[in-house]
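Student: I have a sequence and a structure to read. Could we go through them by question and answer?

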Amino acid sequence: MPTTIRTRAPAACLAALLALAGCGEPDGGAVTADQRPTATGSPTVAGDATAGNATGQPPVGRTGEALSPTDPPLIGTPTAPPRHPTELRKTNVLAGRLSQGGSGPCYTLVTDDGREYALHGADKGTFATGTWVRVTTAPATAEVDCGPGIPVSILKMSQVG
């Protein structure tokens with residue numbers, strides 16, 4: 001899953017807020033200068049009862065209980081491929097690479113699965129050969145022939161990427 005600015009900015013703000021909230025004294029005083037590194041290299045605050053606990057035990061005041069009283073459900077291994085597509089797509093939307101571009105009205109599109117489509121649409125734009133596009137289609141007009149491929153009419157065509 002790609003990381004976007006939408007997730008990075010709140011995460012950075014939360015990390016800064018948590019760091020600032022844990023650095024001061026409860027009465028709002030300044031951070032003490034009496035911080036010393038432990039054997040692991042992480043700083044220890046003077047008077048911290050849980051600092052330097054290398055036994056693997058939970059901090060003072062916490063129990064070692066599980067966070068949830070129930071175990072997560074187990075997902076079994078599939079016994080056969082799915083019967084129906086797992087990703088539902090609109091039947092009138094195609095995506096692929098133009099093997100014949102230009103200013104129209106005829107274009108040729110080849111999809112990732114190797115199907116070739118003869119697209120027809122007036123005033124849909126100028127696209128260079130090799131351009132990746134997404135096309136919303138409609139049934140083809142019978143009197144138009146745009147060459148080899150499955151004939152369809154273009155409702156909307158836009159460049160991808």
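Tutor: Helices (H or I, at least four residues) and strands (E, at least two) are DSSP runs, numbered from the N terminus. This is a predicted model, in which local features need pLDDT of at least 70 and side-chain atom pairs count only at pLDDT 80 or more, while totals for chains, interfaces and linings use all residues. Residues are numbered from 1 along each chain as its sequence is written, and side-chain values use heavy atoms, with hydrogens and water left out.

Student: Which strand gives the most to the lining of the largest pocket?

Tutor: On a 1 Å grid over the protein atoms alone, a pocket is an open set of points where a 1.4 Å probe fits, with protein on both sides within 12 Å along at least five of seven lines; lining residues have an atom within 4 Å of a point. Val-93, Leu-94 and Ala-95 are among the lining residues. With three residues in the lining, the one that gives the most is strand β3 (residues 93-100).

Student: How many residues of that lining are charged?

Tutor: Asp, Glu, Lys and Arg count as charged; Ala, Val, Leu, Ile, Met, Phe, Trp, Tyr, Cys and Pro as nonpolar; and the others, Gly among them, as polar. The lining includes Arg-89, Lys-90 and Asp-112. It has four nonpolar and two polar residues, and the charged ones number five.

Student: Is Gln-100 buried, partly exposed or exposed?

Tutor: Gln-100 is found in strand β3. Buried means under 20% relative accessible area, exposed over 50%, and partly exposed in between (1.4 Å probe, protein chains only). Because its relative accessible area is 36%, Gln-100 is partly exposed.

Student: Which residues is Gln-100 in contact with, leaving aside its neighbours within four places in sequence?

Tutor: Contact means heavy atoms within 4.5 Å. With those neighbours set aside, the residues in contact with Gln-100 are Cys-106, Tyr-107, Thr-108 and Thr-129.

Student: How many residues apart in sequence are the parts that the pair Cys-106 and Cys-146 ties together?

Tutor: A disulfide, here a pair of cysteine sulfur atoms within 2.5 Å, joins Cys-106 to Cys-146, with S to S 2.0 Å. Cys-106 lies in strand β4 (residues 106-111) and Cys-146 in the loop between β6 (132-139) and β7 (150-159), so the parts tied together are 40 residues apart in sequence.

Student: What is the pattern of the chain, read along the sequence?

Tutor: The secondary structure comes to one helix and seven strands. Read along the sequence, the pattern is α-β-β-β-β-β-β-β.
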